[in-house]
Amino acid sequence: MGKVVAEQNVVRPLSTVADGDTVRLVQVRAGRGLNSRLASMGFVSGAAIRVVSNNHPGPFVVVIKDVKVVLGRGVAQKILIR
Amino acid sequence: MTQPIVVAMVGNPNSGKSSLFNMITGSHQHVGNYPGVTVEKKEGYCTHDGCDIRLIDLPGTYSLTAYSAEELITRRFILEERPDVVVDVVDASNIERNLYLGTQLIEMNVPLVFAFNMSDLAKRRGLEFDLDQLSCLLEARIVPTVGSKGEGGDALLEGIVRTAREGRKPRIHGLRYGAEIEEELARVEAAVLERERGLADRYGSRWVALKLLEQDDETLAKIQSPEVRDAASKSVGRLRSIFRDEPEIVLADRRYGFISGACQETIRSSVERRHDASDLVDAIVTNKVFGLPIFLVLMYAVFWLTFTLGEFPMIGLEWLFGWLGAAVSGLWPEGSDSWLRSLLVDGVIAGVGGVIVFLPNILLLFLAIAMLEDTGYMARAAFVMDRIMHKIGLHGKSFIPMLIGFGCSVPAIMAARILENRRNQLTTIMVIPLMSCGARLTIYSLIIPAFFAPAWRGPVMWLVYLIGILLAVTCAKLLRLTVFQGETLPFVMELPPYRMPTPKSVLIHMWQRGWMFLRKAGTVILGISVVLWVLASFPKPSPERLAGLDGAQARQAALEQSVMGRVGRFVEPAIRPLGFDWRIGTALIGAVAAKEVFVSQLSIVYATGSDEDTDALRKKLRANYTPLAGFCIMLFSLISTPCAATVAMTRQETGSWRWAAFQFVGLTVLAYVITLAVFQVGRMWM
């Protein structure tokens with residue numbers, strides 16, 4: 001696992017996390033469909049997420065459960081992490 | 001003879017399921033579509049230990065909820081067709097995420113075999129499995145396989161046959177979800193057992209109760225008893241207040257909990273997995289600056305491969321059909337006017353041959369697409385194009401079929417299969433004919449030199465193509481706002497690891513598309529060709545009328561007399577405001593068979609003789625029409641009436657004649673309106 005950021009207990013959207021940081025998922029705040037789709041891909045509470053690339057307006061790429069996933073920026077805003 | 005063992009293969013996208021399926025069944029495969037949807041249905045056969053086995057390759061999914069067509073198809077097949085064995089193909093180098101689907105199969109209590117695929121890769125990554133213990137925890141056989149190298153097939157078949165012989169048996173442990181959920185689950189299960197006996201017997205009471213806690217729409221719709229609904233909604237309410245989240249999500253948490261528990265005990269990892277190499281490649285191919293040019297270069301390569309390289313076998317096929325036509329024609333004495341000869345030569349051979357010549361294009365195109373998909377680049381390409389395509393309400397991948405449309409609409413519509421979302425796929429298919437295809441180029445190259453000075457030829461051609469693109473973009477946007485309304489799906493996509501494609505899977509993929517296309521050419525397209533031949537050949541003029549006419553004049557008289565010629569005359573008042581006369585009308589109707597037929601039909605109505613002598617035809621055109629009318633002919637050919645093969649392919653890929661008719665009528669009306677406006681406004685200026 002990469003380094004874990006200092007601000008351990010601040011809940012914030014995944015879209016604010018910098019490249020290379022690893023964070024833990026708290027909750028997904030989306031509609032039922034997206035919620036369930038994300039859950040099936042491993043986005044469940046406590047899951048470790050490593051942000052590979054967070055370039056505005058470029059790709060938002062994360063690694064979760066050993067799988068590389070691209071997220072739309074809107075989706076990344078709905079994922080709350082710590 | 002005993003019944004074959006029915007085996008359903010399921011697995012995550014990118015788990016190597018297809019290559020495993022290809023490995024086991026080889027060429028004994030049958031590809032079709034599920035009724036009404038474009039999700040592919042692949043079936044294969046094999047034998048093992050004296051048992052016949054029928055394998056069904058179900059669509060790749062991450063879970064078995066009811067949110068996408070793929071998930072629903074997979075789930076319904078397992079529930080309703082009750083296969084004897086379900087094989088869950090798992091990417092062994094990425095167990096956790098892949099086993100999530102497995103937990104849902106365990107919940108359904110189906111006879112289950114896990115294929116731990118790509119186990120060589122897992123070993124290289126330093127993963128060590130205690131398969132015996134994991135097999136105990138999952139209560140199912142586990143067979144390590146390497147689909148791309150053909151390893152583990154026999155062991156897998158052995159596991160399938162044994163599991164099938166044992167049949168369904170109750171699970172000892174199953175999955176437990178923790179005290180609070182188990183309590184509610186027991187309540188709902190009791191209600192189901194009491195009031196919904198039929199469902200309980202069919203699907204298992206615990207599974208039905210679980211789905212009710214997840215508020216699964218499909219299961220809820222099956223519940224008749226208000227008591228059960230009531231019990232379920234009360235339980236859901238209680239769980240919501242305990243967990244402050246949807247029970248559905250809590251259940252997903254618990255499933256992952258079960259998996260990580262099982263993995264902790266049975267998997268040892270000596271090396272931490274890193275993505276360095278793939279991160280580096282991704283940084284280049286999805287780069288803000290380089291991503292788009294790299295994509296465009298690769299697309300150009302695909303286009304070049306399909307249409308430039310494809311031209312050589314195409315010429316061969318054209319020659320073959322020409323020879324076949326001449327050979328069949330030679331069976332009759334010289335100058336015979338037998339209708340059977342004309343049907344075979346001008347109807348069947350020319351019609352079907354005209355479509356089959358595209359086979360090399362189709363094969364090469366799908367070779368290229370299979371390579372892009374199997375290497376893992378396609379997911380990156382979709383991502384690169386997504387920002388642009390998103391603006392017109394389409395998915396990044398829509399770009400590929402639209403580009404192919406410049407070559408030919410038929411393979412382009414087939415290529416729209418790479419789109420997962422149905423609305424995106426339908427929208428893309430609807431606008432593909434607006435991308436000006438190669439066959440329409442023959443019309444432009446007749447018309448443009450006839451009316452425009454050399455300096456203007458390039459710009460006019462460019463303008464025609466540009467109008468097509470702009471209309472496609474506008475129509476796509478309009479369709480997404482109206483007929484195919486609905487939110488654009490949030491963008492979540494796996495970037496699979498880069499892999500070397502295996503020749504076998506690429507070739508099988510290519511052959512399957514080719515075969516699908518050939519079957520279409522042999523059925524629907526054959527039928528339409530014959531109908532159009534009848535329209536252009538009957539009723540025949542009387543022998544007196546033909547007396548004293550030469551070949552070209554006789555053909556002119558015959559076409560004028562035929563149904564097609566009459567329809568051309570009949571619609572003349574309607575197309576007059578577009579600047580067309582009955583001759584153009586007749587040629588346009590003929591162009592329904594194939595766009596390039598327009599040129600040969602026009603040369604018949606003007607009796608200018610052989611097709612090669614286009615200059616004579618151009619002179620006639622110049623004498624009869626203004627440049628504005630000439631431009632309008634191109635405009636109308638560009639937009640209107642997709643050719644018969646396109647209609648047939650749209651019917652196949654959308655699963656209904658309704659969409660094919662919608663496309664046909666919609667584009668024709670659009671063509672009429674636009675051409676009318678251009679001609680009428682243009683006339684005021686000229």
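Some housekeeping comes before the tour. Residues count from 1 along each chain as its sequence is written, while chains are lettered from A and ligands numbered from 1 in the order in which they are written. Since we're looking at a prediction, local features need pLDDT of at least 70 and side-chain atom pairs count only at pLDDT 80 or more, though totals for chains, interfaces and linings use all residues; side-chain values use heavy atoms, with hydrogens and water left out.

On confidence, pLDDT (the predictor's confidence in each residue, from 0 to 100) averages 85 for chain B, where 95% of the residues score at least 70. The model as a whole comes with ipTM 0.88 and pTM 0.77.

Now for the holes. A cavity here is a set of points on a 1 Å grid over the protein atoms alone where a 1.4 Å probe fits but cannot get out, and lining residues have an atom within 4 Å of a point. Points are joined across faces, edges and corners, and volume is the space filled by probe spheres set on them. Counted this way, there are four cavities of 30 Å³ or more.

The largest cavity holds about 70 Å³. Its lining includes A:Ser36, A:Ala39 and A:Ser40 from chain A, along with chain B residues such as B:Tyr100, B:Glu248 and B:Arg255. At least two lining residues each come from helix H1 (32–40) of chain A and from helices H3 (95–108) and H12 (247–266) of chain B; helices are DSSP runs (H or I, at least four residues), numbered from the N terminus. H12(B) gives the largest share, four residues. By class, the lining has four nonpolar, five polar and three charged residues, where Ala, Val, Leu, Ile, Met, Phe, Trp, Tyr, Cys and Pro are nonpolar, Asp, Glu, Lys and Arg charged, and the others, Gly among them, polar.

The second largest cavity comes in at about 40 Å³. Among the residues lining it are B:Arg75, B:Trp207 and B:Lys222. H10(B) supplies the largest share here, three residues, and the lining divides into five nonpolar, one polar and three charged residues.

Next, look at helices H23 (residues 454–481) and H32 (residues 627–639) of chain B, whose axes come within 10 Å and cross at roughly 35 degrees. Those axes are lines fitted to C-alpha atoms over the stretch in contact, with angles running from 0 to 180 degrees between N-to-C directions. Contact (heavy atoms within 4.5 Å) involves, among others, B:Leu463 and B:Ile467 of H23(B) and B:Phe631 and B:Leu635 of H32(B). That contact counts ten nonpolar residues, one polar and no charged.

Finally, find B:Gly351 in helix H16 (residues 339–356) of chain B. Neighbours within four places in sequence aside, B:Gly351 touches B:Asp346 and B:Ser529.

Notes: 1 Å grid on protein atoms, 1.4 Å probe; cavity = no way out; pocket = protein on both sides within 12 Å on 5 of 7 lines; lining within 4 Å.
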